[in-house]
Amino acid sequence: MTQINQLMAAVIPVTPFAQNCTLVWNDETKKGVVIDPGGEIERIQQAIDKHGVTVERILITHGHIDHIGGAADLAEKLSVPIEGPHEADQPLIKHVQVQAAQFGINGQVKPIVPDRWLVEGDTVDVGGFEFQVLHCPGHAPGHVIFYNEPARFAIVGDVLFKGGIGRTDLQGGDYEELMRSIKEKLLPLGDDVAFLPGHGPGSTLGEERVSNPFLQE
């Protein structure tokens, strides 16, 4: 669990993809959001109950099944809106069942219907904390990240990882576009910015700037 002043974050790895669903909340008010509920909503609900969080909305970084697989059911269960990603991911979301078949996932997976598409320059409320929205395509056309400047903290989905970068061999992927997103959108935020990715451990932008082999080109 990560704490930055009153801003708290708990990572809940879900599904065989070990996708980092993240519960982020204000520790004073106990209000917060769920980011990228890819599945196993019972486990997500357990984390919500454990930390006593009142979830106000669900945020989505991009439309791949491992990030949206449980979003529709969780939104219905919690009676909360879904915000994100960028509308460029609508084709991915519309064909989530095709994604499920490609990855051998059995059972019904519901496509989400976002209450709000996000664009560059938007902000989202996380328990009273304002997170900036940056559109960072490359892994997926409509991929967005969420950044809180005062806390120097970002949720970056599958754009950047500790020691790696997002895949670009899936539908809508573009390596050059992904590298532009990282170098022109993420790295300028500052070396001291800590981030949580969509899979695996967190890191800082400074650490990745000097040690990530994909950023040494």
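Guide: Helices (H or I, at least four residues) and strands (E, at least two) are DSSP runs, numbered from the N terminus. This is a predicted model, in which local features need pLDDT of at least 70 and side-chain atom pairs count only at pLDDT 80 or more, while totals for chains, interfaces and linings use all residues. Residues are numbered from 1 along each chain as its sequence is written, and side-chain values use heavy atoms, with hydrogens and water left out.

Visitor: How many helices and strands are there in the protein?

Guide: By those DSSP runs, the protein contains 7 helices and 14 strands.

Visitor: What radius of gyration does the protein have?

Guide: The radius is taken over C-alpha atoms, and the globule rule is 2.2 Å times the number of residues to the power 0.38. For 217 residues a compact globule would be near 17 Å, and the protein agrees with this at 16 Å.

Visitor: Which residues of helix α1 are buried?

Guide: Buried means under 20% relative accessible area, exposed over 50%, and partly exposed in between (1.4 Å probe, protein chains only). Helix α1 covers residues 41-51, and its buried residues are I41, I44, Q45, A47, I48 and H51.

Visitor: Why do the buried residues of α1 line one face of the helix?

Guide: An α-helix has 3.6 residues a turn, so residues three or four places apart point the same way. The arc is that of the directions from the helix axis to the C-beta atoms. Seen down the axis of α1, the buried residues fall within an arc of 160 degrees.

Visitor: Against which elements do the buried residues of α1 pack?

Guide: The face turned away from the buried side carries the exposed residues E42, Q46, D49 and K50. With contact meaning heavy atoms within 4.5 Å, the buried residues pack against β2 (7-14), β3 (19-26), β4 (31-35), β5 (54-59) and α3 (71-78).

Visitor: Is S79 buried or exposed?

Guide: Most residues other than glycine have a negative phi. S79, in the loop between α3 and β6, has a positive phi of about 55 degrees although it is not a glycine. At 65% relative accessibility, S79 counts as exposed.

Visitor: What is the phi of E40 near?

Guide: E40 is placed in the loop between β4 and α1, and at 35% relative accessibility it counts as partly exposed. Its phi is positive, in a residue other than glycine, and is near 50 degrees.

Visitor: Which peptide bond is cis?

Guide: Most peptide bonds are trans. P85 lies in the loop between β6 (82-83) and α4 (90-94). With omega near 0 degrees, the cis bond is that from G84 to P85.
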